[in-house]
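The sequence and model come first.

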Amino acid sequence: MDNLQFLNKGSDGQIYSLDKDKIIKSINIDKLNTLEIYIMTRLNSIYLNNSFKILIESSKIFIYQERADCDLNDFINQKKKEKKYFSAIEKIKYIRQLIH
């Protein structure tokens, strides 16, 4: 991680730039949200950047992803401003992906 560019710090870890199109999220194992890992490996959505690689080392987990245009909080706030919300059909589609 020493040679990667630090981008941001979240509640559960740090985000580094792997290159101009990819990032690595480094999470302390003791703060690991297993639901997040499950969603990032299972859910297909135009609104989510899935992980393409996950590595586990002694006390950390590294999640490799395509770089996002914005974070989830920014995206939700923008949709609220535009008064554009997910339809019931979209919600059901994503829930089905999670339970199958």
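Tyr 16 counts as buried, at 14% relative accessibility (buried is under 20% relative accessible area, exposed over 50%, and partly exposed in between, with a 1.4 Å probe and protein chains only). The model is a predicted one, in which local features need pLDDT of at least 70 and side-chain atom pairs count only at pLDDT 80 or more, while totals for chains, interfaces and linings use all residues. Residues are numbered from 1 along each chain as its sequence is written, and side-chain values use heavy atoms, with hydrogens and water left out.

The structure holds two aromatic pairs, and one of them joins Phe 6 and Tyr 16 edge-to-face, at 5.8 Å centre to centre and 75° between the planes (rings of Phe, Tyr and Trp, the last by its six-membered ring, pair if their centres lie within 6.5 Å; planes under 30 degrees apart are stacked, over 60 edge-to-face and the rest tilted). Because Phe 6 lies in strand S1 (residues 5-9) and Tyr 16 in strand S2 (residues 13-17), the pair ties together parts 10 residues apart in sequence (strands are DSSP runs of E, at least two residues, numbered from the N terminus). Phe 6 is partly exposed, with a relative accessible area of 46%.

## Salt bridges

Two salt bridges are found in the whole structure (a side-chain nitrogen of Lys or Arg within 4 Å of a carboxyl oxygen of Asp or Glu). In one, Lys 25 and Asp 12 have their closest N and O atoms 3.8 Å apart, and both residues are buried.

In the other, Asp 21 meets Lys 20 at 3.9 Å, N to O; Asp 21 is partly exposed at 38%, whereas Lys 20 is exposed at 70%.

Technical notes. Helices (H or I, at least four residues) and strands (E, at least two) are DSSP runs, numbered from the N terminus.
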